[in-house]
Amino acid sequence: MIHKIKTTAIALFLGVCAIGQEVEYTEYDLDNGLHVILHQDNTAPVVTVGVMYHVGAKDEEAGRSGFAHFFEHLLFEGTENIERGKWFDIVAANGGSNNANTTQDRTYYYETFPSNNLELGLWMESERMLHPVINEIGVETQNEVVKEEKRSRIDNAPYGKIIYSTGINKYVFDKHPYKNSVIGTMEDLDAAELEEFRAFFDKYYGPNNATLVVAGDIEIEETKEMIENYFAEIPKGNEVERVSIEEEPIAETITATEYDSNIQIPAKLFVYRTPSMVEKDAYVLDMISSILTDGRSSRMYKKMVDEEKTALQVLAFPRSQEDYGTYVMGALALGETPLGTLASSMDEEIEKLQNELISEKEYEKLQNKFENRFVNSNSSIQGIASSLATYNVLYGDTDLINKEIDIYRDITREDIKRVANEYLNENQRLELDYLPESEKE
(Lines give C-alpha, C1' and ligand atoms only; values in the text may rest on other atoms or scores of the structure.)
Protein backbone atom coordinates (compact mmCIF):
# COMPACT_ATOMS: atom_id res chain seq x y z
CA MET A 1 0.00 0.00 0.00
CA ILE A 2 1.21 3.50 -0.77
CA HIS A 3 -0.40 5.27 2.19
CA LYS A 4 2.51 7.38 3.41
CA ILE A 5 2.83 10.71 5.14
CA LYS A 6 6.38 11.85 5.50
CA THR A 7 7.89 14.65 7.52
CA THR A 8 11.49 15.72 7.53
CA ALA A 9 11.53 15.94 11.30
CA ILE A 10 10.65 12.27 11.75
CA ALA A 11 13.06 11.11 9.03
CA LEU A 12 15.94 12.65 10.92
CA PHE A 13 15.28 10.42 13.92
CA LEU A 14 14.72 6.99 12.38
CA GLY A 15 18.31 5.73 12.46
CA VAL A 16 18.82 6.12 16.17
CA CYS A 17 19.48 2.67 17.51
CA ALA A 18 22.99 1.74 18.56
CA ILE A 19 24.39 -0.63 15.92
CA GLY A 20 24.85 -4.18 17.04
CA GLN A 21 23.37 -3.60 20.48
CA GLU A 22 21.04 -6.21 21.93
CA VAL A 23 17.43 -5.15 21.70
CA GLU A 24 15.86 -5.15 25.14
CA TYR A 25 12.11 -5.49 25.40
CA THR A 26 9.25 -6.22 27.77
CA GLU A 27 6.32 -8.37 26.69
CA TYR A 28 3.08 -9.38 28.36
CA ASP A 29 -0.59 -10.11 27.63
CA LEU A 30 -3.71 -8.20 28.49
CA ASP A 31 -6.69 -10.16 29.79
CA ASN A 32 -8.39 -9.85 26.40
CA GLY A 33 -5.50 -11.66 24.73
CA LEU A 34 -3.68 -8.68 23.22
CA HIS A 35 0.05 -9.38 23.23
CA VAL A 36 2.13 -6.31 24.05
CA ILE A 37 5.83 -5.75 23.35
CA LEU A 38 7.62 -2.63 24.58
CA HIS A 39 11.11 -1.47 23.61
CA GLN A 40 12.56 1.59 25.31
CA ASP A 41 15.20 3.65 23.54
CA ASN A 42 15.45 7.25 24.72
CA THR A 43 18.20 8.22 22.28
CA ALA A 44 15.90 10.48 20.28
CA PRO A 45 12.35 11.78 20.81
CA VAL A 46 10.57 9.42 18.43
CA VAL A 47 8.19 6.50 18.95
CA THR A 48 6.61 3.87 16.70
CA VAL A 49 3.27 2.30 17.56
CA GLY A 50 2.49 -0.80 15.52
CA VAL A 51 -0.21 -3.47 15.52
CA MET A 52 0.26 -6.74 13.66
CA TYR A 53 -2.84 -8.85 13.10
CA HIS A 54 -2.32 -12.54 12.44
CA VAL A 55 -4.42 -12.51 9.28
CA GLY A 56 -3.29 -12.53 5.69
CA ALA A 57 -4.36 -13.64 2.25
CA LYS A 58 -4.17 -17.32 3.20
CA ASP A 59 -7.02 -16.87 5.69
CA GLU A 60 -9.59 -15.83 3.09
CA GLU A 61 -12.49 -17.99 2.03
CA ALA A 62 -12.69 -19.42 -1.47
CA GLY A 63 -14.32 -16.90 -3.77
CA ARG A 64 -13.44 -14.00 -1.50
CA SER A 65 -9.76 -13.44 -2.24
CA GLY A 66 -8.19 -10.09 -1.45
CA PHE A 67 -10.05 -9.42 1.81
CA ALA A 68 -6.97 -9.07 4.04
CA HIS A 69 -5.28 -6.65 1.66
CA PHE A 70 -8.58 -4.79 1.25
CA PHE A 71 -8.74 -4.28 5.01
CA GLU A 72 -5.24 -2.84 4.93
CA HIS A 73 -6.91 0.04 3.07
CA LEU A 74 -10.38 -0.06 4.60
CA LEU A 75 -9.23 0.40 8.18
CA PHE A 76 -7.86 3.84 7.32
CA GLU A 77 -11.34 5.02 6.30
CA GLY A 78 -12.30 6.26 9.74
CA THR A 79 -13.78 5.26 13.08
CA GLU A 80 -16.63 6.35 15.30
CA ASN A 81 -14.34 9.06 16.66
CA ILE A 82 -12.11 9.77 13.65
CA GLU A 83 -13.97 11.45 10.83
CA ARG A 84 -13.90 9.69 7.48
CA GLY A 85 -10.87 10.74 5.43
CA LYS A 86 -9.15 12.48 8.34
CA TRP A 87 -6.78 9.70 9.52
CA PHE A 88 -3.80 10.91 7.53
CA ASP A 89 -4.54 14.55 8.29
CA ILE A 90 -4.39 13.83 12.01
CA VAL A 91 -1.09 11.99 11.69
CA ALA A 92 0.48 14.72 9.55
CA ALA A 93 -0.76 17.53 11.77
CA ASN A 94 1.03 15.90 14.68
CA GLY A 95 4.38 15.47 12.93
CA GLY A 96 3.98 11.79 12.17
CA SER A 97 4.10 9.24 9.40
CA ASN A 98 2.13 6.04 8.94
CA ASN A 99 1.77 3.04 6.68
CA ALA A 100 0.48 -0.52 6.49
CA ASN A 101 1.26 -3.70 4.56
CA THR A 102 -0.19 -7.15 4.02
CA THR A 103 1.32 -10.54 3.23
CA GLN A 104 -0.05 -14.04 2.92
CA ASP A 105 0.32 -14.44 6.69
CA ARG A 106 -0.26 -11.12 8.48
CA THR A 107 -1.28 -7.44 8.26
CA TYR A 108 0.73 -4.69 9.93
CA TYR A 109 -0.28 -1.09 10.69
CA TYR A 110 2.00 1.49 12.28
CA GLU A 111 2.51 5.16 13.08
CA THR A 112 5.73 6.96 13.93
CA PHE A 113 5.39 10.17 15.95
CA PRO A 114 7.47 12.55 18.01
CA SER A 115 7.35 10.81 21.36
CA ASN A 116 5.14 13.44 22.98
CA ASN A 117 2.38 12.05 20.72
CA LEU A 118 2.66 8.46 21.95
CA GLU A 119 -0.81 8.62 23.48
CA LEU A 120 -2.27 9.77 20.16
CA GLY A 121 -0.77 6.75 18.40
CA LEU A 122 -2.17 4.37 20.99
CA TRP A 123 -5.61 5.98 20.80
CA MET A 124 -5.68 5.76 16.99
CA GLU A 125 -4.76 2.07 16.96
CA SER A 126 -7.30 1.32 19.68
CA GLU A 127 -9.90 3.16 17.60
CA ARG A 128 -8.99 1.05 14.57
CA MET A 129 -9.45 -2.13 16.63
CA LEU A 130 -12.59 -1.13 18.54
CA HIS A 131 -14.57 1.41 16.51
CA PRO A 132 -13.92 1.09 12.75
CA VAL A 133 -16.67 2.35 10.48
CA ILE A 134 -17.27 -0.28 7.80
CA ASN A 135 -19.96 1.03 5.46
CA GLU A 136 -20.91 1.07 1.79
CA ILE A 137 -19.16 4.33 0.91
CA GLY A 138 -15.90 3.16 2.50
CA VAL A 139 -16.03 -0.19 0.73
CA GLU A 140 -16.81 1.42 -2.62
CA THR A 141 -14.04 4.01 -2.21
CA GLN A 142 -11.37 1.49 -1.27
CA ASN A 143 -12.53 -0.93 -3.96
CA GLU A 144 -11.53 1.67 -6.53
CA VAL A 145 -8.23 2.29 -4.73
CA VAL A 146 -7.40 -1.43 -4.77
CA LYS A 147 -8.32 -1.74 -8.44
CA GLU A 148 -5.96 1.09 -9.29
CA GLU A 149 -3.22 -0.47 -7.18
CA LYS A 150 -3.64 -3.77 -9.04
CA ARG A 151 -3.49 -1.99 -12.39
CA SER A 152 -0.39 0.01 -11.50
CA ARG A 153 1.56 -2.69 -9.68
CA ILE A 154 0.62 -5.86 -11.55
CA ASP A 155 -1.42 -5.42 -14.72
CA ASN A 156 0.52 -2.48 -16.16
CA ALA A 157 3.92 -2.99 -14.51
CA PRO A 158 6.80 -4.80 -16.26
CA TYR A 159 7.28 -8.26 -14.70
CA GLY A 160 4.49 -7.47 -12.22
CA LYS A 161 3.24 -11.07 -12.26
CA ILE A 162 6.71 -12.20 -11.12
CA ILE A 163 7.23 -9.53 -8.48
CA TYR A 164 3.80 -10.12 -6.92
CA SER A 165 3.71 -13.87 -7.66
CA THR A 166 0.37 -13.81 -9.48
CA GLY A 167 2.00 -15.64 -12.38
CA ILE A 168 3.86 -18.08 -10.12
CA ASN A 169 2.03 -19.33 -7.03
CA LYS A 170 -0.93 -20.74 -8.94
CA TYR A 171 1.45 -23.34 -10.38
CA VAL A 172 3.52 -24.04 -7.26
CA PHE A 173 0.59 -24.56 -4.88
CA ASP A 174 -2.31 -26.86 -5.54
CA LYS A 175 -4.42 -26.95 -2.36
CA HIS A 176 -2.89 -24.34 -0.06
CA PRO A 177 -4.38 -20.81 -0.30
CA TYR A 178 -0.89 -19.48 -1.02
CA LYS A 179 -1.91 -20.25 -4.61
CA ASN A 180 -3.98 -17.04 -4.53
CA SER A 181 -2.46 -13.59 -4.74
CA VAL A 182 -2.43 -11.18 -1.82
CA ILE A 183 -4.27 -8.51 -3.80
CA GLY A 184 -6.95 -11.01 -4.81
CA THR A 185 -9.32 -10.65 -7.74
CA MET A 186 -11.55 -7.70 -8.41
CA GLU A 187 -14.40 -10.08 -9.22
CA ASP A 188 -14.28 -11.48 -5.67
CA LEU A 189 -14.23 -8.03 -4.08
CA ASP A 190 -17.03 -6.75 -6.34
CA ALA A 191 -19.20 -9.73 -5.43
CA ALA A 192 -18.79 -9.38 -1.67
CA GLU A 193 -21.63 -8.00 0.42
CA LEU A 194 -21.11 -5.41 3.15
CA GLU A 195 -21.94 -7.92 5.86
CA GLU A 196 -19.15 -10.19 4.61
CA PHE A 197 -16.61 -7.42 5.22
CA ARG A 198 -18.00 -6.83 8.70
CA ALA A 199 -17.89 -10.54 9.46
CA PHE A 200 -14.25 -10.73 8.29
CA PHE A 201 -13.34 -7.92 10.67
CA ASP A 202 -15.16 -9.55 13.58
CA LYS A 203 -13.39 -12.84 12.91
CA TYR A 204 -9.79 -11.65 12.63
CA TYR A 205 -9.26 -8.17 14.08
CA GLY A 206 -9.81 -8.80 17.76
CA PRO A 207 -7.13 -8.16 20.39
CA ASN A 208 -6.48 -11.88 20.86
CA ASN A 209 -5.34 -12.08 17.23
CA ALA A 210 -3.05 -9.07 17.47
CA THR A 211 0.33 -7.96 18.78
CA LEU A 212 0.86 -4.35 19.82
CA VAL A 213 4.41 -3.03 19.66
CA VAL A 214 5.57 0.30 21.08
CA ALA A 215 9.22 1.16 20.44
CA GLY A 216 11.28 4.27 21.04
CA ASP A 217 11.38 7.16 23.49
CA ILE A 218 9.02 5.79 26.13
CA GLU A 219 8.88 5.05 29.82
CA ILE A 220 7.77 1.46 30.35
CA GLU A 221 5.38 1.87 33.31
CA GLU A 222 3.79 5.01 31.91
CA THR A 223 3.26 3.28 28.56
CA LYS A 224 1.72 0.26 30.26
CA GLU A 225 -0.83 2.54 31.92
CA MET A 226 -1.75 4.13 28.60
CA ILE A 227 -2.13 0.73 26.96
CA GLU A 228 -4.36 -0.42 29.81
CA ASN A 229 -6.53 2.67 29.35
CA TYR A 230 -6.94 2.33 25.60
CA PHE A 231 -6.90 -1.42 24.94
CA ALA A 232 -7.90 -3.36 28.06
CA GLU A 233 -11.65 -2.90 27.61
CA ILE A 234 -11.72 -4.03 23.97
CA PRO A 235 -13.70 -7.29 23.97
CA LYS A 236 -11.84 -10.50 23.21
CA GLY A 237 -12.76 -12.03 19.89
CA ASN A 238 -13.41 -15.66 19.02
CA GLU A 239 -10.43 -17.99 18.80
CA VAL A 240 -9.02 -17.95 15.27
CA GLU A 241 -8.70 -21.31 13.54
CA ARG A 242 -5.39 -21.44 11.69
CA VAL A 243 -5.03 -22.70 8.14
CA SER A 244 -3.66 -26.24 8.21
CA ILE A 245 -3.28 -27.56 4.69
CA GLU A 246 -0.39 -29.75 3.59
CA GLU A 247 0.78 -29.81 0.01
CA GLU A 248 2.03 -32.95 -1.64
CA PRO A 249 5.70 -32.57 -2.64
CA ILE A 250 6.35 -31.50 -6.21
CA ALA A 251 7.53 -34.73 -7.80
CA GLU A 252 7.96 -33.79 -11.45
CA THR A 253 8.84 -30.64 -13.31
CA ILE A 254 5.98 -28.20 -13.85
CA THR A 255 6.29 -26.22 -17.08
CA ALA A 256 4.31 -23.08 -17.81
CA THR A 257 4.34 -19.92 -19.90
CA GLU A 258 3.14 -16.48 -18.85
CA TYR A 259 2.80 -13.44 -21.09
CA ASP A 260 3.26 -9.78 -20.18
CA SER A 261 2.21 -6.92 -22.45
CA ASN A 262 4.53 -4.56 -20.56
CA ILE A 263 7.85 -6.19 -21.49
CA GLN A 264 10.08 -6.76 -24.50
CA ILE A 265 12.76 -8.88 -22.80
CA PRO A 266 11.82 -12.49 -21.97
CA ALA A 267 12.86 -14.20 -18.74
CA LYS A 268 13.51 -17.77 -17.68
CA LEU A 269 12.52 -18.68 -14.13
CA PHE A 270 12.99 -21.65 -11.85
CA VAL A 271 10.64 -21.70 -8.85
CA TYR A 272 11.00 -24.09 -5.91
CA ARG A 273 8.64 -24.66 -3.00
CA THR A 274 10.61 -24.30 0.23
CA PRO A 275 9.98 -25.10 3.92
CA SER A 276 8.36 -22.91 6.55
CA MET A 277 10.21 -19.76 7.57
CA VAL A 278 10.87 -21.22 11.02
CA GLU A 279 12.87 -24.15 9.62
CA LYS A 280 16.66 -23.96 9.54
CA ASP A 281 16.67 -25.00 5.87
CA ALA A 282 14.74 -21.83 4.99
CA TYR A 283 17.67 -19.84 6.36
CA VAL A 284 20.11 -21.96 4.37
CA LEU A 285 18.14 -21.29 1.19
CA ASP A 286 18.37 -17.59 1.96
CA MET A 287 22.14 -17.96 1.91
CA ILE A 288 22.02 -20.01 -1.29
CA SER A 289 20.04 -17.23 -2.95
CA SER A 290 22.72 -14.76 -1.91
CA ILE A 291 25.48 -16.97 -3.34
CA LEU A 292 23.75 -17.36 -6.68
CA THR A 293 22.16 -14.02 -7.44
CA ASP A 294 22.77 -11.30 -4.83
CA GLY A 295 24.71 -8.52 -6.48
CA ARG A 296 27.43 -8.21 -9.08
CA SER A 297 29.74 -10.58 -7.24
CA SER A 298 27.19 -13.41 -7.17
CA ARG A 299 27.93 -16.56 -9.14
CA MET A 300 25.13 -16.27 -11.68
CA TYR A 301 25.76 -12.58 -12.31
CA LYS A 302 29.48 -13.05 -12.90
CA LYS A 303 28.89 -16.02 -15.18
CA MET A 304 25.80 -15.07 -17.17
CA VAL A 305 26.07 -11.26 -17.26
CA ASP A 306 29.82 -10.61 -17.15
CA GLU A 307 31.42 -13.68 -18.75
CA GLU A 308 28.95 -15.38 -21.07
CA LYS A 309 26.96 -12.19 -21.80
CA THR A 310 23.79 -14.24 -22.21
CA ALA A 311 21.76 -12.41 -19.55
CA LEU A 312 20.93 -8.77 -19.14
CA GLN A 313 20.23 -9.35 -15.45
CA VAL A 314 19.79 -12.18 -12.96
CA LEU A 315 17.11 -12.14 -10.32
CA ALA A 316 15.93 -13.94 -7.22
CA PHE A 317 13.00 -13.69 -4.84
CA PRO A 318 13.42 -15.95 -1.80
CA ARG A 319 10.08 -15.59 -0.03
CA SER A 320 9.88 -16.98 3.49
CA GLN A 321 6.35 -17.61 4.73
CA GLU A 322 4.65 -19.19 7.70
CA ASP A 323 3.64 -22.50 6.10
CA TYR A 324 5.72 -22.80 2.92
CA GLY A 325 8.06 -20.47 1.10
CA THR A 326 9.07 -20.09 -2.51
CA TYR A 327 12.45 -19.52 -4.04
CA VAL A 328 12.28 -17.79 -7.42
CA MET A 329 15.48 -17.53 -9.43
CA GLY A 330 15.92 -16.49 -13.02
CA ALA A 331 17.49 -14.33 -15.68
CA LEU A 332 16.50 -11.83 -18.37
CA ALA A 333 17.74 -12.81 -21.82
CA LEU A 334 20.31 -10.58 -23.51
CA GLY A 335 19.68 -10.10 -27.21
CA GLU A 336 18.55 -13.26 -28.96
CA THR A 337 19.76 -15.64 -26.25
CA PRO A 338 17.41 -18.66 -26.12
CA LEU A 339 15.74 -19.25 -22.77
CA GLY A 340 17.10 -22.80 -22.85
CA THR A 341 20.62 -21.38 -22.74
CA LEU A 342 19.75 -19.42 -19.60
CA ALA A 343 18.24 -22.56 -18.05
CA SER A 344 21.40 -24.57 -18.75
CA SER A 345 23.61 -21.91 -17.16
CA MET A 346 21.44 -21.74 -14.05
CA ASP A 347 21.47 -25.53 -13.74
CA GLU A 348 25.25 -25.57 -13.97
CA GLU A 349 25.50 -23.20 -11.01
CA ILE A 350 23.00 -25.24 -9.00
CA GLU A 351 24.93 -28.42 -9.73
CA LYS A 352 28.15 -26.81 -8.49
CA LEU A 353 26.48 -26.09 -5.16
CA GLN A 354 25.19 -29.66 -5.04
CA ASN A 355 28.58 -31.23 -5.81
CA GLU A 356 31.17 -28.88 -4.27
CA LEU A 357 31.55 -27.10 -0.95
CA ILE A 358 31.81 -23.34 -1.33
CA SER A 359 35.26 -22.01 -0.52
CA GLU A 360 36.19 -20.81 2.93
CA LYS A 361 36.70 -17.32 1.50
CA GLU A 362 33.22 -17.24 -0.06
CA TYR A 363 31.74 -18.62 3.14
CA GLU A 364 33.39 -15.89 5.21
CA LYS A 365 32.13 -13.21 2.83
CA LEU A 366 28.63 -14.69 3.06
CA GLN A 367 28.66 -14.62 6.85
CA ASN A 368 29.80 -10.98 6.85
CA LYS A 369 27.00 -10.04 4.48
CA PHE A 370 24.34 -11.59 6.68
CA GLU A 371 25.85 -10.07 9.81
CA ASN A 372 25.58 -6.63 8.21
CA ARG A 373 22.04 -7.29 7.06
CA PHE A 374 21.02 -8.36 10.55
CA VAL A 375 22.52 -5.27 12.16
CA ASN A 376 20.89 -2.97 9.60
CA SER A 377 17.46 -4.51 10.21
CA ASN A 378 17.67 -3.31 13.81
CA SER A 379 19.16 0.12 13.10
CA SER A 380 15.94 2.14 13.25
CA ILE A 381 13.02 2.35 15.63
CA GLN A 382 10.59 1.47 12.85
CA GLY A 383 12.71 -1.55 11.92
CA ILE A 384 12.88 -2.76 15.51
CA ALA A 385 9.12 -2.41 15.97
CA SER A 386 8.41 -4.38 12.80
CA SER A 387 10.93 -7.09 13.71
CA LEU A 388 9.56 -7.53 17.23
CA ALA A 389 6.04 -7.96 15.88
CA THR A 390 7.11 -10.32 13.11
CA TYR A 391 9.19 -12.59 15.30
CA ASN A 392 6.38 -12.86 17.81
CA VAL A 393 3.47 -13.38 15.40
CA LEU A 394 5.04 -15.56 12.71
CA TYR A 395 7.93 -17.28 14.48
CA GLY A 396 6.52 -17.51 17.98
CA ASP A 397 9.82 -16.29 19.43
CA THR A 398 10.26 -12.56 20.00
CA ASP A 399 13.86 -13.03 21.07
CA LEU A 400 14.85 -13.95 17.52
CA ILE A 401 15.42 -10.22 17.18
CA ASN A 402 18.62 -10.93 19.10
CA LYS A 403 19.22 -14.59 18.28
CA GLU A 404 18.44 -14.98 14.58
CA ILE A 405 21.98 -14.12 13.54
CA ASP A 406 23.13 -17.20 15.47
CA ILE A 407 21.06 -19.38 13.13
CA TYR A 408 22.98 -18.00 10.17
CA ARG A 409 26.29 -18.31 12.00
CA ASP A 410 25.57 -21.99 12.65
CA ILE A 411 24.99 -22.74 8.97
CA THR A 412 27.95 -24.66 7.59
CA ARG A 413 29.31 -25.14 4.11
CA GLU A 414 28.06 -28.71 4.37
CA ASP A 415 24.54 -27.41 5.15
CA ILE A 416 24.59 -25.35 1.95
CA LYS A 417 25.56 -28.39 -0.12
CA ARG A 418 22.97 -30.59 1.62
CA VAL A 419 20.09 -28.15 1.16
CA ALA A 420 20.95 -27.55 -2.49
CA ASN A 421 20.68 -31.29 -3.02
CA GLU A 422 17.45 -31.60 -1.06
CA TYR A 423 15.42 -28.76 -2.56
CA LEU A 424 16.93 -27.52 -5.84
CA ASN A 425 16.25 -30.47 -8.11
CA GLU A 426 14.77 -30.39 -11.58
CA ASN A 427 11.79 -32.58 -10.68
CA GLN A 428 10.86 -30.33 -7.74
CA ARG A 429 10.34 -27.06 -9.54
CA LEU A 430 8.31 -24.87 -11.83
CA GLU A 431 10.10 -23.91 -15.04
CA LEU A 432 8.47 -20.72 -16.28
CA ASP A 433 8.97 -18.96 -19.59
CA TYR A 434 7.96 -15.32 -19.09
CA LEU A 435 7.41 -13.79 -22.49
CA PRO A 436 6.27 -10.55 -24.13
CA GLU A 437 2.62 -10.59 -25.15
CA SER A 438 3.74 -10.11 -28.74
CA GLU A 439 5.13 -13.66 -28.76
CA LYS A 440 1.75 -15.17 -27.96
CA GLU A 441 0.46 -17.26 -30.85
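**View 1. Helices α15 and α16 stand roughly perpendicular to each other.** In this predicted model, α15 and helix α16 (residues 400-409) pack at an angle of about 75°, and their axes are 10 Å apart; because angles of 65 to 115 degrees count as roughly perpendicular, the pair is described in that way. On the α15 side the contact involves I384, S387, L388, Y391 and Y395, which meet L400, I401 and E404 of α16. By class, the residues of this contact are six nonpolar, one polar and one charged.

**View 2. The largest pocket, to whose lining helix α15 contributes.** The space in the largest pocket amounts to about 1,500 Å³, and of the 50 residues that line this pocket, T103, R106, P318, R319 and S320 are the closest to its centre. Helix α15 (residues 381-395) provides the largest share of the lining, with seven residues. Sorted by class, the lining of the largest pocket consists of 21 nonpolar, 20 polar and nine charged residues.

**View 3. The second largest pocket, with contributions from α5, α7 and β7.** About 320 Å³ of space lies in this pocket, which is lined by 24 residues, those nearest its centre being K150, I154, K161, T166 and S181. At least two lining residues are supplied by each of α5 (136-155), α7 (169-172) and β7 (254-260). The lining of the second largest pocket comprises six nonpolar, 10 polar and eight charged residues.

**View 4. An open sheet of five strands, with mixed pairing.** The strands follow the order β7-β11-β8-β10-β9. Since β7 and β9 (311-319) stand at the edges and each has a single partner strand, one side of each is left without a neighbour in the sheet. Neighbouring strands of this sheet are turned against each other by 20° on average, with direction ignored. Strands β9 and β10 (residues 325-333) run antiparallel and are joined by eight bridges, and within this part of the sheet Q313 stands opposite L332 in β10.

**View 5. Helices α11 and α12 lying across strands of the five-stranded sheet.** Helix α11 (residues 280-293) lies across β8 (267-274), β9 and β10, and runs at about 170° to β9. Helix α12 (residues 299-307) lies across β9 and β10, with an angle of about 155° to β9.

**View 6. The packing of α11 against α17.** Helix α11 and helix α17 (residues 413-423) pack at an angle of about 95°, their axes being 9 Å apart, and the two helices are therefore roughly perpendicular to each other. From α11 the contact is made by K280, D281, V284, L285, I288 and I291, and from α17 by D415, I416, R418, V419, A420, E422 and Y423. These contact residues divide into eight nonpolar and five charged, with no polar residue among them.

View 7. Strand β4 runs antiparallel to β5 (residues 107-114), to which six bridges join it, and the bridge partner of N99 is Y110 in β5.

How values were computed: Residues are numbered from 1 along each chain as its sequence is written. This is a predicted model: local features need pLDDT of at least 70, side-chain atom pairs count only at pLDDT 80 or more; totals for chains, interfaces and linings use all residues. Side-chain values use heavy atoms; hydrogens and water are left out. On a 1 Å grid over the protein atoms alone, a cavity is a set of points where a 1.4 Å probe fits but cannot get out, and a pocket is an open set with protein on both sides within 12 Å along at least five of seven lines; lining residues have an atom within 4 Å of a point. Grid points are joined across faces, edges and corners, and a volume is the space filled by probe spheres set on the points. Helices (H or I, at least four residues) and strands (E, at least two) are DSSP runs, numbered from the N terminus. Ala, Val, Leu, Ile, Met, Phe, Trp, Tyr, Cys and Pro count as nonpolar, Asp, Glu, Lys and Arg as charged, and the others, Gly among them, as polar. Two strands pair if DSSP finds at least two bridges between them. Axes are lines fitted to C-alpha atoms, for helices over the stretch in contact, and angles run from 0 to 180 degrees between N-to-C directions. Contact means heavy atoms within 4.5 Å. Angles under 35 degrees count as roughly parallel, over 145 as roughly antiparallel, 65 to 115 as roughly perpendicular and the rest as oblique.
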